[in-house]
Amino acid sequence: MPDQPTYCVIGHPIAHSLSPLMHNAALKALGLPGSYKALNLQQEELADFFASMRKGAIQGCNITLPHKVMAMQYVDEVTPQARLAGAINTVFWKDGRLVGENTDVIGFAAAMQGRTFQHALILGAGGVSRAAIVALRNMNVAQITISNRTWTKAKDMAEEFGIEAVPWEERHDTDCDLAVNATSLGMTGGQEAMSPVSFGFFAGRSGFAYDIIYTPAKTRFLQQAESAGWGTDNGLSMFVEQGRASFRLWTGCTMPADTAYACLAEALGR
């Protein structure tokens, strides 16, 4: 067992992750021992990683793409919320057992706090879409529809969760009051000029547009929505709140929100 607790995030690729910055700033702000690092792990390295975790090398970890589903097989227990989502993004110790949780559900719900919706359209069918569906169900959203560029992925996820799926080419016909971009379209880099919908999608109605992406702060998707008078928000709050929930599970302490947002704002140049 190391003298100082070690926490980490695992994924591939992982160099872009801001989780170490946020968690290390929180540990320092609270005067807690330990450090948080990013580990670039391939799928075939997961078994060895969890074996080392069981030997005390790691006291808590986050999991990001592409390991959120596969990692479930290496823990002793999965919370009901994570079981519903079909994916885990956090592993913590409880009574000598490794437990998998999905704090993305908590993060998404926090971003939606105080809002009510009748019909949500989720664009994309990856791991974060699973968390969004569970959170929206907990909010008692009457209708949830999913669309994805690969039809079979949308269809399979819709069948798993008992929601509706529409083909990608028919997504603009969905009459929703919440539109969620859970794709990578619009992310800083080669896709920054892209959006999962055309400009006309938002016209003639009102609602709320939420983008899981937070780099850039205002994606093309959010610009389109804002121009049509919709409310908008990006994924920074979800990222912070999922991290704060993980931090509580590991340390029993509350990560200061102002510390998290301040260090991320500096890193993102805002």
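Visitor: What's the strand order in the open sheet of 6 strands?
Guide: In this predicted model, the order is 9-8-7-10-11-12, and the pairing is parallel.

Visitor: And which strands stand at the edges?
Guide: Those are strand 9 (164–165) and strand 12. Each has a single partner strand, so one side of each is left without a neighbour in the sheet.

Visitor: How many bridges join strand 7 to strand 8?
Guide: Strand 7 and strand 8 run parallel and are joined by 5 bridges. As an example to look up, His 119 stands opposite Gln 143 in strand 8.

Visitor: Okay, what packs against strand 7?
Guide: Helix 7 is one answer: its buried residues pack against strand 7 (119–123), strand 10 (178–181), strand 11 (208–211) and strand 12 (231–233).

Visitor: Which residues of helix 7 are buried?
Guide: In helix 7 (residues 220–227), they are Phe 221, Leu 222, Gln 224 and Ala 225. These residues cover an arc of only 155° around the axis, which puts them on the same side of helix 7.

Visitor: What comes just after helix 7?
Guide: There you'll find Gly 229, which takes a positive phi of about 90°.

Visitor: Switching to the largest nonpolar core: which residues touch the most other members?
Guide: Phe 108, Ile 122, Ile 146 and Tyr 210 do, out of 32 residues in that core. Two or more residues come from each of helix 4 (103–111), strand 7, helix 5 (127–138), strand 8 (143–147), helix 6 (151–161), strand 10 and strand 11.

Visitor: Which element gives the most?
Guide: Helix 5 does, giving 7 residues to this core.

Visitor: What is Ile 146 in contact with?
Guide: Leaving aside neighbours within four places in sequence, the contacts of Ile 146 include Ile 122, Ile 133, Met 157, Ile 163 and Val 166. Ser 129 and Glu 164 are also among them.

Visitor: What other core lies apart from the largest one?
Guide: There is another core of 20 residues, and its members include Leu 18, Leu 236, Val 240 and Phe 247.

Visitor: Is Asn 102 buried or exposed?
Guide: Asn 102 counts as buried, because its relative accessibility is 1%, and the cut-off for buried is under 20%. Beyond four places in sequence, its contacts include Gln 81, Ile 88, Asn 89 and Ala 131.

Visitor: Which residues of helix 4 are buried?
Guide: Thr 103, Asp 104, Val 105, Gly 107, Phe 108 and Ala 111 are the buried ones in helix 4.

Visitor: Let's go to strand 1. How many of its residues are buried?
Guide: For strand 1 (residues 6–11), 6 of its 6 residues are buried. Both faces are covered, with Thr 6, Cys 8 and Ile 10 on one side and Tyr 7, Val 9 and Gly 11 on the other.

Visitor: Which strands does strand 1 pair with?
Guide: One is strand 2 (residues 35–40), which runs parallel to strand 1 and is joined to it by 6 bridges. Another is strand 3 (residues 60–63), paired in the parallel sense over 4 bridges. Ile 10 has Leu 39 as its bridge partner in strand 2 and Ile 63 as its bridge partner in strand 3.

Visitor: In what sense do strand 3 and strand 5 pair, parallel or antiparallel?
Guide: Strand 3 and strand 5 (residues 90–94) pair in the antiparallel sense, over 3 bridges. In strand 5, Val 91 is the bridge partner of Cys 61.

Visitor: Last one: what does the side chain of Asn 62 make a polar contact with?
Guide: With the side chain of Thr 90, at 3.2 Å. Asn 62 lies in strand 3 and is buried, with a relative accessible area of 3%. The C-alpha atoms of Asn 62 and Ser 246 are separated by 7.6 Å, although the two residues are 184 residues apart along the chain.

Terms used. Residues are numbered from 1 along each chain as its sequence is written. This is a predicted model: local features need pLDDT of at least 70, side-chain atom pairs count only at pLDDT 80 or more; totals for chains, interfaces and linings use all residues. Side-chain values use heavy atoms; hydrogens and water are left out. Buried means under 20% relative accessible area, exposed over 50%, partly exposed in between (1.4 Å probe, protein chains only). Two strands pair if DSSP finds at least two bridges between them. The arc is that of the directions from the helix axis to the C-beta atoms. Contact means heavy atoms within 4.5 Å. A nonpolar core is a set of buried Ala, Val, Leu, Ile, Met, Phe, Trp, Tyr and Cys residues joined through side-chain atoms within 4.5 Å. A polar contact is a pair of N or O atoms within 3.5 Å; within protein, one must be able to donate a hydrogen and the other to accept it, and residues adjacent in sequence count only if both atoms are side-chain atoms.
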